[in-house]
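User: I have a model open here and would like to go through it with you. Could you take my questions as they come?

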Amino acid sequence: MSPWLTVVGIGEDGFAGLGKNARRALLGATRVIGSQRQLDLLPACIRAERQTWPSPFSLAPVLALRNTPTCVLASGDPMLFGVGASLARRVARDEMQVLPAPSSFSLAAARMGWALQDVVTLSVVARPVVALNAHLHSGVRLLVLSNDGSSPSIIARLLSAQGFGPSRMTVLEHLGGQAERRIDTRACDWSDPPVAALNLVAIDCLADASARPLSRIGGLPDSAFEHDGQLTKRDVRAVTLARLAPLPGQLLWDVGAGSGSIGIEWMRTWPSCRTLAIEADEGRQQLIERNRDTLGVPGLQLIRGKAPQALDGLEPPDAIFIGGGVTREGVLDTCWQRLKPGGRLVANAVTLQSEMLLMSWRERHGGELTRIHIAQAQPLGEFDTWRQALPITLLDMTKPLDA
């Protein structure tokens, strides 16, 4: 059966820039769905009924046309931050074909003379701009799809606030069309000129003396987080993350999240990693929200409540970290039950009571116990001595695949 749905990537050059297959699909369609701007690019010879997307956005109008020759218009490459990827999750592969045009990223890389494979590509279309914070390092090049004409100004302010004011910014408007234009400046020199709604920002990152370069390797400095003392300290955090072993696309439950440091660093390791941070204290909930934005992982989801009750109905995780509330009745049992087979559970204890609980749990369920002692050199009069931090007992377990 021929696909009833064709997703056509269309550029600023409109119908004239489309290939033969895309033109044929549009000429044979009964319905064409897209934004008003995209529909206006089509000539009068396209006789199909034209329909704009509903607000709020929904795929329902397309899905309701199953088995009716339908075209959906998308900007550039529909599978790159586009509607094609959303439709592919709802429509069978043999019912849909995608005909891409050059993406805005490809056109921007060509204009800048940058090798696309060496560039970080991001989108702030209906996404928080603070996600850029995770990618700011001197020498890194970013291509950022803007949400609208205000995005370049917002990005320039963010770069300057993070110590990247010297970064070169190029705003590219209407790429591939007759109205194409570029604005070149430094982030700190951005003068807020009028910018077209359809634009992309190219950033050649350069830090000033105030910037704090932060690695993606687990164990950020404690000073990278706002906290009230309820924080898994740097060295213990690095060991804990190594035991949790984040992998692409995996979900972590950070139970008793405190300031959110474990869940935030979990998400920084891979862009596709996710975290549900469970925290009952209102003040710490606010710390988590500020820390996740500052460190560039606004997608971290905060669950406001106390475990184990707050765990009801949550998506089963690939890994669980219990940093607070391990002695609360039902927390360990519920976490172990909800953990996916093959998943990892790590729990840290600092009190005798919590340590005894982990020891008892290990006797019944197995796992590995590790005692972590950290000492730091600190002044003692005219000399230095070792100051011992409270020892941490760490339980590390992997759930059997047949459990």
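User: In which hand does α7 pass α8?
Analyst: The crossing of α7 and α8 is right-handed, where right-handed means that the near helix is turned clockwise from the far one by less than a right angle, and left-handed that it is turned anticlockwise. Please keep in mind that this is a predicted model, in which local features need pLDDT of at least 70 and side-chain atom pairs count only at pLDDT 80 or more, while totals for chains, interfaces and linings use all residues. Residues are numbered from 1 along each chain as its sequence is written, and side-chain values use heavy atoms, with hydrogens and water left out.

User: At what angle do α7 and α8 cross?
Analyst: The axes of α7 (residues 234–244) and α8 (residues 261–269) cross at roughly 55° and come within 11 Å, the axes being lines fitted to C-alpha atoms, for helices over the stretch in contact, with angles from 0 to 180 degrees between N-to-C directions. The two helices are therefore oblique to each other, since angles under 35 degrees count as roughly parallel, over 145 as roughly antiparallel, 65 to 115 as roughly perpendicular and the rest as oblique.

User: Which residues meet there?
Analyst: From α7 they are R237, T240, L241 and L244, and from α8 they are S261, I262, E265 and W266; contact means heavy atoms within 4.5 Å.

User: Switching to strands, what is the order in the five-stranded open sheet?
Analyst: The order is β3-β2-β4-β1-β5, with parallel pairing; strands (E, at least two residues) and helices (H or I, at least four) are DSSP runs numbered from the N terminus, and two strands pair if DSSP finds at least two bridges between them. β3 (49–52) and β5 (96–99) stand at the edges with a single partner strand each, so one side of each has no neighbour in the sheet.

User: How many bridges join β1 to β4?
Analyst: Six bridges join β1 (residues 5–10) to β4 (residues 70–75), and these strands run parallel; V7, for instance, has V72 in β4 as its bridge partner. Helix α1 (residues 20–28) packs on this sheet, where it touches β1, β2 (31–34), β4 and β5, and its direction makes about 130° with that of β4.

User: And how do β17 and β18 run?
Analyst: β17 (residues 375–380) and β18 run antiparallel and are joined by six bridges, with A375 paired to Q388 in β18. Their hairpin has two residues between the strands, and G381 takes a positive phi near 65° there.

User: Why does β18 lie largely in the open?
Analyst: Of the six residues of β18 (residues 383–388), the number buried is zero, so the strand lies largely in the open; buried means under 20% relative accessible area, exposed over 50% and partly exposed in between, with a 1.4 Å probe and protein chains only.

User: Which residues of α10 are buried?
Analyst: In α10 (residues 331–338) they are V331, L332, T334, C335 and W336, and their cover includes β11 (251–255), β14 (319–322), β15 (344–349), α11 (352–365) and β19 (392–398).

User: How many disulfides does the structure hold?
Analyst: The number is zero, a disulfide being a pair of cysteine sulfur atoms within 2.5 Å. The sulfur of C45 is 13 Å from the closest cysteine sulfur, in C71, which is too far for a bond, and C45 counts as partly exposed because its relative accessibility is 41%.
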